[in-house]
Amino acid sequence: MATMASPRDRQGRMRSLLGKAGAPVLSQGITAGTSLLLQVVAARALGIAEFGAFALFLALLVSASALYTGFVGDGLAVLNRREPRTRAALAGSAAVGLTAACAIGVGAALVIRHGEPVTALLYAGMLVLWLVEETIRRLLMARLEFWKLVGNDLAYLFGTALALGAWAATAGAVTLPMLFAAMAVGAVTAIAAGIGQLPRAELRGLAPGWSGLRGVLSFAGWRAVQATLRPAALLAARVLVANLLSVTAVGVLEAGRLVVAPLQVVINGAGSFLLSGFAAGARAGGVDGGKVAARAAIVLTGVTVAGGLATAAFAGPLGGLLTGIAVSPWLVLGWVAYLAVWAAGLPYVTEVVSRKRSRAVFLTRLVDSVLGLVLAGAAVALGASLAAVPWLMAAGGLYSVLRLRALAVATRRSDPVTPRQDPEATIQFPPV
């Protein structure tokens, strides 16, 4: 007969969990801090209009990264990457993804910045290096080596900051190509650090092959498009604002989002930890996903709302400090609402995805994204305030929270886990 864990055991397990969860949150903090550094430099040195252009480039990078890592990166975490056919299919998918990213990067940059081939080539090269770095990061996540991931992200921060400092000392003027070059230097530094931290076994047998592609597609294909929906919706919202209003308006919208960026760090870090933990638990068996997901949803939503209210109270000074312009508290609160809805649904997303039900998550997120975009686009077209955009994007997410929770409950009943040995199934969620 099972015995209940003592309070001391529970406290010990909770401390262990917080120690493990702290690493992915810290990792996201370092990555977001580097991004924040770049965005602050862009906003203050380029002006709000050019910052709007940088925001479009950054949104494209995030969307491409989500698509690529949703397919390749999450495939590494959830699928059996040691099985030869799966490994070859993932390697082939990575090669195709990197080639496509290079072509798309050049084309998109030439559209955004007419007649600037140097900018286009720098952006495309940086995008490819970024995705290679993300592949290494996802391998470290799949291995549950989150503290090594922190070291890898510190290398990216160091390389980027060093490049920015060297440019400032020699040239002085901040330009878009310079920012892309600094990001590329940071990515190369992180790639070198990541290769040094991975065991040789992870880097062998990477010849592309296609015999296992169907099995990879059944999970990773849906997961990739699902992971892309949110950043793609944000990119589409920025494009709508740029066309219906101006690129300067995109800069103002992005300034409001920048104020709440630390909250997104916590959410992203928790998502990385939960997906890896649920995936490892599903392979080993015995994880009570319902209790973990419910607790995580409550905690993440509470932290987001509390932190967001505090941030909104100082929206003006924070906006001036980060971007050089005062930011409307209603715009900041709109981004807080958007992040709170995201936080409420994220634990259920990771739980359902860990059970390889990525198609169901995609369909739910698709309704969420389309609804939010339609509402936001209609509001801007009818002359609504710019602050309405994140509020209406958040409205679409309310449907997905309820639907995703129902999906999580349904998959717990239909997909009971069977315990089996897995060398990476080391995360143990605390008992309730």
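This is a predicted model: local features need pLDDT of at least 70, side-chain atom pairs count only at pLDDT 80 or more; totals for chains, interfaces and linings use all residues.
Is Trp-391 buried, partly exposed or exposed? Trp-391 counts as partly exposed, at 36% relative accessibility, a value that falls between the 20% and 50% cut-offs.

**Helix α13**

- Helix α13 runs over residues 329–354, and its 26 residues reach 37 Å from the first C-alpha to the last, close to the 38 Å expected at 1.5 Å a residue.
- Within α13 there is a kink of about 35° at Gly-345, a position shortly before the proline Pro-347.
- Because 23 of the 26 residues of α13 are buried, this helix is largely enclosed by the rest of the structure.
- At the start of α13, a side-chain oxygen of Ser-328 comes to within 3.2 Å of the backbone nitrogen of Trp-330.
- After α13 comes Lys-356, whose phi is positive and near 65°.

**Aromatic pairs**

- The count of aromatic pairs in the model comes to 7.
- One of these is the tilted pair of Phe-57 and Tyr-123, with 4.9 Å from centre to centre and 55° between the planes.
- This pair links distant parts of the chain, since Phe-57 belongs to helix α2 and Tyr-123 to helix α4, and the two are 66 residues apart.
- Phe-57 counts as buried at 1% relative accessibility, and Tyr-123 is likewise buried, with a relative accessible area of 1%.
- The rings of Trp-330 and Trp-391 have centres 6.2 Å apart and planes at 50°, so this pair is tilted.
- Because Trp-330 lies in helix α13 and Trp-391 in helix α15 (residues 388–414), the pair ties together parts that are 61 residues apart in sequence.
- Phe-54, Phe-57, Tyr-123 and Phe-180 together form one aromatic cluster.

**Nonpolar core**

- The largest nonpolar core holds 119 residues, of which Phe-54, Tyr-123 and Met-183 touch the most other members.
- Helix α13 gives the most to this core, with 16 residues.
- Leaving out residues up to four places away in sequence, Tyr-123 touches Phe-57, Leu-60, Leu-61, Gly-105, Ala-109 and Phe-180.

- Arg-257 is found in helix α9 (residues 247–259), and at 12% relative accessibility Arg-257 counts as buried.
- The side chain of Arg-257 makes a polar contact of 2.9 Å with the side chain of Gln-39.
- Apart from neighbours within four places in sequence, Arg-257 is in contact with Gln-39, Arg-238, Gln-264 and Trp-335, and position 335 falls within the residue range 329–354 of α13.
- Arg-137 is found in helix α4 (residues 117–142) and is buried, with a relative accessible area of 3%.
- The residues that Arg-137 touches, not counting those up to four places away in sequence, are Ser-27, Gln-28, Thr-31, Leu-149, Asn-152 and Asp-153.
- Arg-82 has its place in the loop between α2 (48–78) and α3 (84–112) and is partly exposed, with a relative accessible area of 46%.
- From C-alpha to C-alpha, Arg-82 and Gly-205 are 9.4 Å apart in space, although 123 residues apart in sequence.

**Two further loop residues**

- Leu-144 lies in the loop between α4 and α5 (146–170) and is buried, with a relative accessible area of 14%.
- The phi of Leu-144 is near 60°, a positive value in a residue other than glycine; most residues other than glycine have a negative phi.
- Ala-326 lies in the loop between α12 (315–323) and α13 and is exposed, with a relative accessible area of 65%.
- Not counting residues up to four places away in sequence, Ala-326 touches Gly-316 and Gly-320.
- The C-alpha atoms of Ala-326 and Val-252 are separated by 9.2 Å, while the two residues are 74 residues apart along the chain.

Conventions: Residues are numbered from 1 along each chain as its sequence is written. Side-chain values use heavy atoms; hydrogens and water are left out. Helices (H or I, at least four residues) and strands (E, at least two) are DSSP runs, numbered from the N terminus. The expected span of a helix is 1.5 Å times one less than its number of residues. The bend at a residue is the angle between axes fitted to the seven residues ending there and the seven starting there. Buried means under 20% relative accessible area, exposed over 50%, partly exposed in between (1.4 Å probe, protein chains only). A polar contact is a pair of N or O atoms within 3.5 Å; within protein, one must be able to donate a hydrogen and the other to accept it, and residues adjacent in sequence count only if both atoms are side-chain atoms. Contact means heavy atoms within 4.5 Å. A nonpolar core is a set of buried Ala, Val, Leu, Ile, Met, Phe, Trp, Tyr and Cys residues joined through side-chain atoms within 4.5 Å. Rings of Phe, Tyr and Trp (its six-membered ring) pair if their centres lie within 6.5 Å; planes under 30 degrees apart count as stacked, over 60 as edge-to-face and the rest as tilted.
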